[in-house]
Amino acid sequence: MSAKAISEQTGKEFLYKHINTSAAVQNRFRYATVTAETDWDRLTQEHQWLLTQRLVVKPDQLIKRRGKLGLVGINLDLQGVKDWVKSHLMKDTTVGRAKGVLKNFLIEPFVPHKQEEEFYVCIYAVREGDIVLFHHEGGVEVGDVDAKAQKLTVAVNEKIIVEKHQYMLASFIVGLFNLYEDLYFTYLEINPLVVTTDGVYVLDMAAKIDATADFICKSKWGDVEFPPPFGREAYPEEAYIADLDAKSGASLKLTLLNPQGRIWTMVAGGGASVVYSDTICDLGGVDELANYGEYSGAPSEQQTYDYAKTILSLMTREKHPQGKVLIIGGSIANFTNVAATFKGIVRAIKDNQEPLKEHEVKIFVRRGGPNYQEGLRVMGEVGKTTGIPIHVFGTETHMTAIVGMAMGHRPIPNLPPMAAHTANFLLNASNNTVTPANTRTASFSEPKTPNDVSPAKKSKAGLPAGNEIQPSFQATTLFSKHTKAIVWGMQTRAVQGMLDFDYVCSREEPSVAAMVYPFTGDHKQKFYWGHKEILLPVYKNMADAMKKHPQVDVMISFASLRSAFDSTVEAMQYPQIHTIAIIAEGIPEAHTRKMIKMADEKGVTIIGPATVGGIKPGCFKIGNTGGMLDNILASKLYRPGSVAYVSRSGGMSNELNNIISRTTDGVYEGVAIGGDRYPGSTFMDHVLRYQDTPGIKMIVVLGEIGGTDEYKICQGIKEGRITKPVVCWCIGTCPPAGRRRLRAQETVYDELVANGTIVPAQEVPPPTVPMDYSWARELGLIRKPASFMTSICDERGQELIYAGMAITEVFKEEMGIGGVLGLLWFQRRLPRYACQFIEMCLMVTADHGPAVSGAHNTIVCARAGKDLISSLTSGLLTIGDRFGGALDAAAKQFSKAFDSGMLPMDFVNKMKKDGKLIMGIGHRVKSINNPDMRVQILKDFVKQHFPSTQLLDYALDVEKITTSKKPNLILNVDGFIGVSFVDLLRTCGGFTRDEADEFVEIGALNGIFVLGRSMGFIGHYLDQKRLKQGLYRHPWDDISYVLPEHMSM
């Protein structure tokens, strides 16, 4: 639920800060909070009114009717408040059925008043608008306000207006209503509201806000803390999972009910989590149910691991005499890769295998969806390798059957080995022999016309509707074989799934006409239509898409919760659109209600928000509905059956596809209206459509506890508006008949076949659709040589890996730049002194002034107006044997001479005889009498820390010979780094001799100069830009013009 209760203090803070009314609101911000940690002296310093006024004290823990329960201390002085708090603080208290501890208290000024000055006011949201309840009597004895209070319904987009001269109370209520709307409250009750000649006093308040509106109200709300209901503790593990959820695009929820309980669940999907909890309670496990929650929305392996390890840690803290059970359940996923999510669970089981065995935990798994066979295989394997009893089941087993097995109510069957992977339906669909569905066939009872009807609403395409109100109706037929859709959002996977569905349904053309994505320019996107590639247009704005595709009558919106409202409102301006599916979760209820009102006025059907969509077999599917092709084929969704369903849950809708295909001739149409409190279209909207559709012979409804939609269906049956057979289950109610619901569905279907209402038809194999390369690779069906190989870095997982070392470990070990360079260049964790030496080399080679060729080029390029990358590249291109590239050459020359046993003098003489320069020897400025301090700094460090410096000593002997001839023929910084690095590689213990020589041969040492000098070049670039230097032109007087004589004359 997006509506979450807030504390009384938070509610009053919102009111005092943001209410806009001419009424004088008294005691603004006069409240103080007391907990077990409160320092009373400090509290009275911060709130000095506590010392002078009479006071009221009460617990602030979402407790209703505190006055009747004796939980309010009235007209006390400060000492009286202290005594009252002391008598209640940290005491066990029972409120109704809830038992809890009083921890938080609110102190406010006592307001003397008369009974007739007390009023009751409450504002709460309904689908059509907001209800304002007002009663002239308030307080503890207010009674049944729903029966007594005056009621004002304020429709969506309407306001309450009062005249300026009207009574102060009316002005306050108008301000309160505006506050309620502006801060996205969903419930706001003040009882009593005291009105005196001095002004308005808000004594007691209860409130809920729409937590999904955080992105709108953050500046006004601040950081809101949502307290748990009284009697249920706030556990740190719940907060941890809530934090994971907030940082993830997936959904991760956890509520601890009974940490000592025996039965734990880890369920995929919100609807499925209700079904499993329902079944556990139905079978008598309510007192042993330890937790409630779900993971869904394709969480990553790491997110699933974090979620699973939290649950496993919780359930292995206390032993149970009967051992414990973990139910890892779920319906048939629409798009989540089951094997990928199970990897995280498997890791968690392996990490916790000893506590799991010690606590005698048995695990029962049931799942379906993309790649579920591989997921179940891996889960079964971990059971064998760890010795933990793990029982795995797929779509051949009803999803709640594992609950009975786990609780000992039914035997655990020995199932035959399942199919190896999900590709069985894709590689040879027409001759498939292992389709799990029963051999019921398609129906002859369906008339041929419904699939081919045109949309019920026709209008001029491409133009907004203007100001006129369209007639309020929705079409009986939402989708046909000719339905064309625009997809809002770059959801290529979902679009490809729709096109594959179209192909196996033998549609003549793709159902997706175009895509709209505001964040790129107009372009074409490549997709597959069966075996061939096609291009679909992608538009930057909706107006162009509508204008160029007048045949489109459906929009599928994958817009985010922040932009879904605006994009939906924009789509409804085009009369050609008669159906909109909104996939996003977390849209504020106020936005949804505005969309509903506009849709009703324009005759548009909205499916969602918070939905996977809907499907009409043989015709059209929305986005990821129905899952991947293997499930489409297994559930025979490529052709129509005779049963239509409507569900709140998207995940459970896919389970319904499976169940209906097994027990009947299949699905005619299915819609998941979404899990929000105010879905765009209701159960009754779709049930009435199904009633009026000739091809539908039977209706299935999967409801949820809460709301009244199911009662409206009952009323429709009583009044004769609904005459077709209806099988309905309201999950969350734990009915004794719940276990018989599927048998009832099959019985109804058999009766319809027996009386001739449904006439089975022969099954016709669908066309074969090639499997995508990426999915085939995921399933392990194909292999392909990689275009690239890498052994230094891996960014694919939850955490970046450098040469096998996680980035968090790199920082934890404080490896520095030198350590990272060691990992990425040399695939080794180098000793600390080696890392320091690398960093010193980078520092001393960072720059050598603007006159050297590389810096000069960089400066000239920068002054020519070029960008950073171009200027840097210009400088780097000058690096070679004559400038900066001597590291490798020096290392090679000195190593070769030293390794061959050549004496330093012989080496110098040979190089002179061969007419070659000794690389790394010589400097334009520095000499034996004017030493290079960079070399001296490095020499001191190397001599102190390196285990051996044989090659450096050899080079220094060569320097003695060369400087005796000319003082500037010193071992320069390039030569020093080159020979020292060879010593480092050979003697640090991390490399063999061959490996060390290979790094020299492939140019690793020059990389030190390139990396270091890049810092200097960038500095010169930034310096020139900062100084705003103009275009450089070399002066004539610094150029010798030497032309042939006959040319110059």
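Mentor: Start with Asp-997, which at 30% relative accessibility is partly exposed (buried means under 20% relative accessible area, exposed over 50%, partly exposed in between, with a 1.4 Å probe and protein chains only). Its side chain meets that of Arg-986 in a salt bridge, 3.3 Å from N to O (a side-chain nitrogen of Lys or Arg within 4 Å of a carboxyl oxygen of Asp or Glu). Asp-997 belongs to helix α35 (residues 993-1001) and Arg-986 to helix α34 (residues 973-987), so the pair ties together parts 11 residues apart in sequence. Helices (H or I, at least four residues) and strands (E, at least two) are DSSP runs, numbered from the N terminus. Arg-986 is partly exposed too, at 22%.

Before going further, note the ground rules. This is a predicted model: local features need pLDDT of at least 70, side-chain atom pairs count only at pLDDT 80 or more, and totals for chains, interfaces and linings use all residues. Residues are numbered from 1 along each chain as its sequence is written, and side-chain values use heavy atoms, with hydrogens and water left out.

The salt-bridge count comes to 41. Another of these pairs joins Lys-484 and Glu-509, at 3.4 Å from N to O. This one links distant parts of the chain: Lys-484 sits in the loop between α14 and β20, Glu-509 in the loop between α15 and β21, 25 residues apart. Lys-484 is buried, at 11% relative accessible area. Glu-509 is partly exposed, at 47%. Leaving aside neighbours within four places in sequence, Lys-484 is in contact with Glu-509, Pro-510, Ser-511, Ala-513, Gln-551, Val-552, Asp-553 and Val-554 (contact means heavy atoms within 4.5 Å).

Now the sheet. Seven strands make an open sheet, ordered β22-β23-β21-β20-β24-β25-β26, with mixed pairing (two strands pair if DSSP finds at least two bridges between them). β22 (523-529) and β26 (605-607) stand at the edges; each has a single partner strand, so one side of each lacks a neighbour in the sheet. From one strand to the next, the twist averages 25°. β25 (residues 579-582) pairs with β26 in the parallel sense, over 3 bridges. Ile-580 has Ile-606 in β26 as its bridge partner. Helix α15 (residues 492-504) packs on the sheet, touching β20 (485-488), β21 (512-516), β22, β23 (532-539) and β24 (554-557); its direction makes about 40° with that of β22. Axes here are lines fitted to C-alpha atoms, for helices over the stretch in contact, and angles run from 0 to 180 degrees between N-to-C directions.

Back to charges. Asp-223 and Lys-218 form a salt bridge with their closest N and O atoms 2.6 Å apart. Asp-223 is exposed, at 70%, whereas Lys-218 is partly exposed, at 38%. Glu-8, Lys-12, Lys-58, Arg-66, Glu-108 and Asp-204 are linked in a network of salt bridges.

Last, the cysteines. The disulfide count is 0 (a disulfide is a pair of cysteine sulfur atoms within 2.5 Å). For Cys-122, the closest cysteine sulfur is 19 Å away, in Cys-217, too far for a bond. For Cys-835, it is 9.8 Å away, in Cys-988, again too far. Cys-122 is buried, at 2% relative accessibility. Cys-835 is buried, at 3%.
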